[in-house]
Number of protein chains: 2
Amino acid sequence: MVNVILIGSGNLAQHLIVAIQNAEKSDNTIRLIQVFARQKESLTHLLDTDKITSDFTKIKEADLYIIAVSDDAITAVSTQLPFKNCLVVHTSGTLNMDALDNKNRKGVFYPLQTFTKNKPVDFKTIPICLETTNNNDHELIEKVGQTISNTIYKIDSQQRKALHVAAVFVNNFTNHLYHIGNEICNKNQIPFTILQPLIQETAQKILNLSPQQVQTGPAIRNDQNTIASQEAFLTNENQKKIYKILTQSIQNNGKKL
Amino acid sequence: MVNVILIGSGNLAQHLIVAIQNAEKSDNTIRLIQVFARQKESLTHLLDTDKITSDFTKIKEADLYIIAVSDDAITAVSTQLPFKNCLVVHTSGTLNMDALDNKNRKGVFYPLQTFTKNKPVDFKTIPICLETTNNNDHELIEKVGQTISNTIYKIDSQQRKALHVAAVFVNNFTNHLYHIGNEICNKNQIPFTILQPLIQETAQKILNLSPQQVQTGPAIRNDQNTIASQEAFLTNENQKKIYKILTQSIQNNGKKL
C-alpha cells in the first residue's frame, strides 16, 4: 500500500483527487491519506474535512507527496514542507526536477493532458511522464501512475520540456486556430457547428497516419490561385499574417521531402 | 426517383460514389445511373464498366449532374457537357457558382470534409453546403443531399468562401501544427503517440464549449517565464516564428475580452 498526500487544490489537483479516489475503489495499491489546501472549502465537495489540512505543520507521514500547484509556487511549497528525505514530486510539464527543494528526494509526475474545471476526464487514457533520481523511487511512482493511467512514460527533464513545447503547438495553438475559424464563421453568419465534423476528422486522421502524410489544402498543393484569393479575403491583418506564415511553413516543409 | 450522373474519378468522386451507392440500398430516392471518368479503369473497383463512360457525347440524360473534379477543371468540364438547361452542380469549396457554364442551370453541392483515399468516411456526418439559383433546384439537390447526409446547409458563394478559409485554419493549418509537434517529438526521441490523447481532447473540448472559453497555456496566462523559455528552446527558426506569432495572437485576443 502506497500512502499518498496531495498538495494543491486547483484544476489538476482536483482531477488527481478524483482519479486516486477511483483507483482506491478498484485497487488496493494506493491510498490518498491527506490533501493540503490553503483554503479547505475549495475541496470539501470532494473530500471529508478531516482529510484536508491548511497547515503545513500538520502534514502527515506518507510514501509520496505530489505537489500539484501552479509552476510559480512549486519551489516555495517544496521549501515549506516540514520534513526531509521523503519522496516529493511535482506535476509540471515545464519545470525541471531541480525546481524542488534539495532536502527531499525528487521526482516528476506529469500527466500530459489539458484539464478543464468541471469537465470529467478519463485519467486511464492520460499518459503520465515520470522522472526520478533513482530506481526505487521510479518503481514507487510507476506503481502509483499505473493505478490511475494505462500509459506511463519515463521522460527526463529535457524531453519533458520538448514535450511541453510540442503540447503548446498541438493544444494551445490548435485551439487558437479553432477560435479563428469560429471568428470567420461568426463574421459571415455561419454556424461554427458546421466545422465540427471536419475538426474531429482532422484529429482522428493522425491516429493512424503521420500528419505529414495527410497534409491537404491549397498550401501543399501549391494552388496559387486559391492562396491569393484566400489571403485577399481575409481583412483581419492578424489572421492574414497567420495565414501567410502557416502557408509558407507547409510549403517549405513540402519541399524538403 | 432522382437520376444522378457523377463526373470525376478522384478522391471526392469516389467517396461520393460509395455514399450514393449506400443511399441506393436503403432509400428509393436517388440512383446513380452513370459516371464520367477520363480513365474507366480508375473506377472499375467501384462500378460496373457499363456504368462508366469516358466519352462526353455518351453522357445520358439525368436530373442532376455532379461535377467532382479539381477546381482548375470545373469550368472546362462544364463547357464540354453536350446538353443544356439541365441542373449541373460543382462540389468545390472555393469556386463561385458562376464558374459553371451558363448553358445549364447552376448549383453547388459542397461536402465540407477532408477526404483521404482508401480511408472510409461516414458521409452521414458530413455537412453538405447547397447553393442554387431557384427553389425547385434547391429542393432537388436538398433531396439528394438528405439521402447521403444528416446535415444540409444553405450557404451562398460568399459564405462558402468564408467557410473554406475557416476550414483551411481548422484543418490544414491544425494538421501542420500536429506535424510540428511530431517534429519536436522526433528530435527529442519521444514517441508522437504520447500527444494523441491531448490532441483528441483538444478537438473534443470544443464540441460543447467555444474555443475562446477553453483556451489554456502560457500565452493566455501571460506566463512570461514559460514563453521566454519555450522560445529559447526552439532552435528551428520557422517553429520559433510560428510560436511567437500565435502566442501574440492569443494574447491580443485575450485583451479584447
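**Exercise 1. Across which strands does H1(A) lie, and at what angle does H1(A) run to S2(A)?**

Step 1. H1(A) lies across S1, S2 and S4 of chain A, and its direction is at about 150 degrees to S2(A). Helices (H or I, at least four residues) and strands (E, at least two) are DSSP runs, numbered from the N terminus. Axes are lines fitted to C-alpha atoms, for helices over the stretch in contact, and angles run from 0 to 180 degrees between N-to-C directions.

Step 2. Before going on, note that this is a predicted model: local features need pLDDT of at least 70, side-chain atom pairs count only at pLDDT 80 or more, and totals for chains, interfaces and linings use all residues. Residues are numbered from 1 along each chain as its sequence is written, while chains are lettered from A and ligands numbered from 1 in the order in which they are written.

Step 3. Now find the unit that holds this helix. S1(A), H1 (residues 11-26) and S2(A) form a right-handed β-α-β unit; right-handed means that, with the strands pointing away from the viewer, the path from the first strand over the helix to the second runs clockwise.

**Exercise 2. Work out the strand order of the sheet in chain A and check some of its pairings.**

Step 1. S1 (residues 2-7) pairs with S2 (residues 30-36) of chain A in the parallel sense over 6 bridges, where pairing asks for at least two bridges found by DSSP. Here A:Leu6 has A:Val35 as its bridge partner.

Step 2. Look at another neighbour of S1(A). S4 (residues 64-67) of chain A is also parallel to S1(A), over 4 bridges, and A:Val4 stands opposite A:Leu64.

Step 3. The edge strands, each pairing on one side only, are S3 (52-53) and S8 (152-154) of chain A.

Step 4. Finish at S8(A). S7 (residues 128-132) of chain A and S8(A) are parallel over 3 bridges, with A:Ile128 partnered by A:Ile152.

**Exercise 3. How is chain B related to chain A, and how many residues of each chain are in contact?**

Step 1. Superpose the copies by least squares on the C-alpha atoms of residues with pLDDT of at least 70 in both. A rotation of 180 degrees with 0.0 Å of shift along its axis brings chain B onto chain A, at an RMSD of 0.0 Å. That is the relation of a two-fold axis.

Step 2. Count the contacts, taking two residues as touching if their C-beta atoms, placed from the backbone, lie within 7 Å. By this rule 71 residues of chain B are in contact with 71 residues of chain A. H4(B) gives the largest share of chain B's side, 24 residues.

Step 3. Ask whether the surfaces match. The copies meet through the same surface, because 100% of the interface residues of chain B are also interface residues in chain A.

**Exercise 4. Which residues join H4(A) to H5(B), and how are the two helices oriented?**

Step 1. H4 (residues 157-187) of chain A and H5(B) pack at an angle of about 5 degrees, their axes 10 Å apart. They are therefore roughly parallel, as angles under 35 degrees count as roughly parallel, over 145 as roughly antiparallel, 65 to 115 as roughly perpendicular and the rest as oblique.

Step 2. From H4(A) come A:Ala167, A:Val170, A:Asn171, A:Thr174 and A:Asn175; H5(B) supplies B:Leu198, B:Ile199 and B:Thr202.
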